[in-house]
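Please consider the structure shown below.

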Amino acid sequence: MAGWLAVGGTAAWALIRVFGLDRVGGPLVQLIAFTPYAAAGAVILLGPALTLRAWWTAGVAAVAAVALLVCVLPRSLPDGGVAEGARLRLLSSNMMIGGADAGAIVDLVRRRDVQVLALQEFTPQAERALDAAGVADLLPYRVSHPQPGAGGSAVFSRFPLRDEVPHTLPSGFTQAMATILVPDAATVTVESAHPCAPISPSLASCWRTDLSHEPRASTDGVVRVLAGDFNATLDHADLRRLIASGYRDAADVRGQGLTASWPYDEKWWIPGVTIDHVLADRRVGVAGYGVHRVPRTDHRAVFAELVVPR
């Protein structure tokens, strides 16, 4: 009986993931983020079922495992070559209501030769700390919309930029947006993305509404990049729908789509998931990707080296 319950659970999980039923809302929005662990569990369940010759149980477990692995494994495989163009090194960091170590972020900018920095949960205190740490010496141009709490954001740049009207989501979170004049390349619009978090089933509707208001890709207009904390993994149907408009996920392109970005602080009991992303339209290549620890925030900073068409 216990075996059937476990296998039935993984089979139900596979159905929810394959058919995007997390859109129903409630606790499914939170649970579906842990699909890679469910896939591993489905594979593990096969062993006892085969050992006990419980063929029906093994068959259901095998189908669930294959379905989940087909969903999960491709993001661990790089997609191949890199397009020609100008390199644009971008870093995104959720500052955890402005409490992140500003000096560590500036040091990352320096060490990775970052040209564009997108920040979320950006507060007036965080802006002062970054200025004191010398961010303006490395990235002299900025679009800054600090707010108390979690709703502020900013984009810093090494290159001249045009300050666009900030994108305010239905939740009230503000997404800083800048059109950046990248030398020898197409103009790039970078937006610091941060839909509200589905931290409870009651907030799933807020999260879904915010995600639906993220800008869709325009693959024949200005080159667009969304970078930030999406509070969603590639297993969420709503994020996949956004990507399908014409984006590619930088981690997925580089075969690092299972690299967890949250959490890594005191929340040791929560398995790591990938909710921070750099999404660029399909004309943009991805030459590099990585995540980096920043003290005093529960998100890893996400780095991507993009290849912008000339």
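What volume does the second largest pocket have? The second largest pocket has a volume of about 180 Å³. This is a predicted model, in which local features need pLDDT of at least 70 and side-chain atom pairs count only at pLDDT 80 or more, while totals for chains, interfaces and linings use all residues. Residues are numbered from 1 along each chain as its sequence is written, and side-chain values use heavy atoms, with hydrogens and water left out.

A pocket is an open set of points on a 1 Å grid over the protein atoms alone, where a 1.4 Å probe fits, with protein on both sides within 12 Å along at least five of seven lines; lining residues have an atom within 4 Å of a point. A volume is the space filled by probe spheres set on the points, which are joined across faces, edges and corners.

The lining of the second largest pocket includes Arg17, Cys71, Pro74 and Arg75, as well as Asp249 and Asp252. At least two lining residues come from each of α9 (237-244), β11 (247-249) and α10 (250-253); helices (H or I, at least four residues) and strands (E, at least two) are DSSP runs numbered from the N terminus. By class, this lining has 5 nonpolar, no polar and 6 charged residues. Here Ala, Val, Leu, Ile, Met, Phe, Trp, Tyr, Cys and Pro count as nonpolar, Asp, Glu, Lys and Arg as charged, and the others, Gly among them, as polar.

The largest pocket has a volume of about 620 Å³. Of the 27 residues that line it, Ala197, Pro198, Ile199, Asn231 and Trp262 lie nearest its centre. The lining of the largest pocket comprises 17 nonpolar, 6 polar and 4 charged residues.

The helices come next. Helix α3 (residues 35-51) packs against helix α4 (residues 55-72) at an angle of about 155°, and their axes are 8 Å apart. Axes are lines fitted to C-alpha atoms, for helices over the stretch in contact, and angles run from 0 to 180 degrees between N-to-C directions. The angle therefore makes α3 roughly antiparallel to α4, a term for angles over 145 degrees. Residues in contact (heavy atoms within 4.5 Å) include Ala42 and Leu46 in α3 and Ala65 and Leu68 in α4. This contact has 17 nonpolar, 2 polar and no charged residues.

In the other pair, the axes of helix α5 (residues 102-111) and helix α6 (residues 124-133) come within 8 Å and cross at roughly 50°.

Technical notes. Angles under 35 degrees count as roughly parallel, over 145 as roughly antiparallel, 65 to 115 as roughly perpendicular and the rest as oblique.
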